[in-house]
Amino acid sequence: MKIPSLEHVLQEMKLLDEAGLDKVRTVQREKTLPFQDALLSSGLLSDHDMIQAFARLWDVPVMNIIEEIEVAPSIIDVLPISFLRKYTMVPVKLADGVLTVAVNDPADQEPLFDIAKILGIKEIKRVLSPKQEIHSAISRLVEMKEESAKDIMDDIEEEDDEILKDLESIQDITLMETEAPIIRMVNRLMVQAYRDRASDIHVEPYQTDVKVRYRIDGILHDVLTLPKRIHSPIVSRIKIMASLNIAEKRLPQDGRIGIKLGDHAVDLRISVVPTVNGERVVMRILDKSSVLFGLEELGFYPDDLERIERLIRQEHGIVLVTGPTGSGKTTSLYSMLSKINSPDKNILTIEDPIEYQLKGIGQIPVNTKVGLTFASGLRSIVRQDPDVILVGEIRDLETAEIAIQAALTGHLVFSTLHTNDSASAVTRLIDMGIEPFLVTSSVNAIVAQRLVREICASCKQEYFPEDESLLEIGLSKEMLAREGYLYRGAGCGECLGTGYKGRTGIYEILFMSDLIKSTILKTSDSNIIKNAALSEGLHTLRQDGARKVEDGVTTIEEVLRVTQQ
């Protein structure tokens, strides 16, 4: 009876028409699935649609957002996290002997009986929530239960320094690995960094103490100050996890740690360098399961987005993305590749390191230990009959020459360069030894970019800017809408008191027009090339930033910070 009822509800709510129903039945028949599974497999309904349909069918209330968790975090000591994740359900409230559990599928009632039995609860009330919301609530429950790195440090300090004394005297590495407080400390630093959206963790030794800092939205924040004597055990623990030589303290070492945080597979790239005060560690966090941004989400204005989409659909030529380290170049290139990725295209990449796993694209990691460099990898890729090639970075003349040759022989090539603006990329290529006529005949466009922090939506407020600061980014009060005021963040718990949360891009796109080509053939001076581009309507990085200031996306200070020459 339930299957026809669900069909009936979906049609009644206009969530599924006859054509859709036929498609679901085809999937059901071909894959031998129950109707509900076939429905999800067909991709015709979103999680939200399914919840609304289930709510009507089962007469269960909906909780679209799980705002508060009103159960003791210790509940997960008896209800395994793996159990909650497997059945996509989470306890959210316990009051008057009634346990409210958020579920995604109300038909799955067996696990609810198990929960009641384990906890000795007589009554369980179901509410319907989206999958993502339930997984997020499970993570918050874990977070409430776990100690912070600071709590662990406080516990260590309270134990009369006995643990620290023991650690200082430890010689055997295997013994050091079993010291629970240090293991817990390092684990919490990693988990906390991931949850705070940090891109890097810095462990920096000084004369009397050790500072731990996270880079969040491109800015370093002090997180913890530890006593100097705990430095060596922490570094040793990180080295053990990264399979590095624990006895070698005089030479730089690089490694990687693969960890799992809930549903997320995370790669940590480890760099250890010796300093006068001890070994300094930087861990770069790469979320392998992170969702790739679409081109539309990167901060391009509609006019620029349209030109970029035309550009990436060309059959051959080079598209260069330039900017300093950490300016989002790789993310932009991956978004471009995803946009044009289709079964009829052979897309190959050579990267160092591979930051996102892209479905349907062949990705090759650089491995200098066995002689696999950008140049040698690119030479091999060209023999693999590609349509589109991504070279992580053009670092030398050899790589540049092969990339240009590939572009001239009918391939579309994407790559990055470290230069300040779009015009400087031309100068860099010519300085490397590439002939100007090869640059003009192979390069289609150069995109320079920076990342600016977005104003925190939770504490966004209006203010009237000074004339001088407006002038610095080329604006005036007369040019502003909204009666001359702009926005900034006041600082709140959501944004760690910074007034900013999240980042977006600002862009400068130089297309290889006839005027630009003739200018490059005459001179490699980046200022002259840029002036020629400006005469054709080029929007500079600062001008694009000024538009985002006007639109209330970011602040004058942010634009000035990333565009200072």
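The structure is a predicted model, in which local features need pLDDT of at least 70 and side-chain atom pairs count only at pLDDT 80 or more, while totals for chains, interfaces and linings use all residues. Residues are numbered from 1 along each chain as its sequence is written, and side-chain values use heavy atoms, with hydrogens and water left out. The protein chain holds 23 helices and 18 strands, where helices (H or I, at least four residues) and strands (E, at least two) are DSSP runs numbered from the N terminus.

**Overall size and burial**

- Along its principal axes, the C-alpha trace of the protein chain spans about 85 × 75 × 60 Å.
- Of the 565 residues of the protein chain, 47% count as buried; buried means under 20% relative accessible area, exposed means over 50%, and partly exposed lies in between (1.4 Å probe, protein chains only).

- H135 lies in helix 7 (residues 131–145) and counts as buried because its relative accessibility is 15%; its C-alpha atom is 6.9 Å from that of R85, although 50 residues separate H135 and R85 along the chain.
- I270 belongs to strand 8 (residues 264–275) and is buried, with a relative accessible area of 2%; the C-alpha atoms of I270 and V281 are separated by 7.1 Å, and the two residues are 11 residues apart along the chain.

**Salt bridges**

- Side chains of opposite charge can pair when their charged atoms come close.
- The structure holds 24 salt bridges, each being a side-chain nitrogen of Lys or Arg within 4 Å of a carboxyl oxygen of Asp or Glu.
- One of these joins the side chains of D200 and R284 at 2.8 Å, N to O, and this pair links distant parts of the chain, with D200 in strand 4 (residues 198–205) and R284 in strand 9, 84 residues apart.
- Within that pair, D200 is buried, with a relative accessible area of 5%, whereas R284 counts as partly exposed at 33% relative accessibility.
- E248 forms a salt bridge with R250, and their closest N and O atoms are 3.3 Å apart; E248 counts as buried at 14% relative accessibility, while R250 counts as exposed at 70%.
- D544 forms a salt bridge with K548, with the closest N and O atoms 3.1 Å apart, and because these residues are four residues apart in helix 22 (residues 541–550), D544 and K548 are separated by about one helical turn.
- A network of salt bridges links E204, R213 and R280.

**Aromatic pairs**

- The structure holds four aromatic pairs; rings of Phe, Tyr and Trp (its six-membered ring) pair if their centres lie within 6.5 Å, and planes under 30 degrees apart count as stacked, over 60 as edge-to-face and the rest as tilted.
- The pair of F300 and Y507 is stacked, because the ring centres are 3.9 Å apart and the planes stand at 20 degrees.
- This pair links distant parts of the chain, with F300 in the loop between strand 9 (278–287) and helix 13 (302–312) and Y507 in strand 18 (residues 500–511), 207 residues apart.
- F300 is buried, with a relative accessible area of 9%, and Y507 is buried as well, with a relative accessible area of 3%.
- The pair of F464 and Y485 is edge-to-face, because the ring centres are 6.0 Å apart and the planes stand at 85 degrees.
- F464 is exposed, with a relative accessible area of 57%, whereas Y485 counts as buried at 14% relative accessibility.
- One aromatic cluster is formed by F464, Y485 and Y487.
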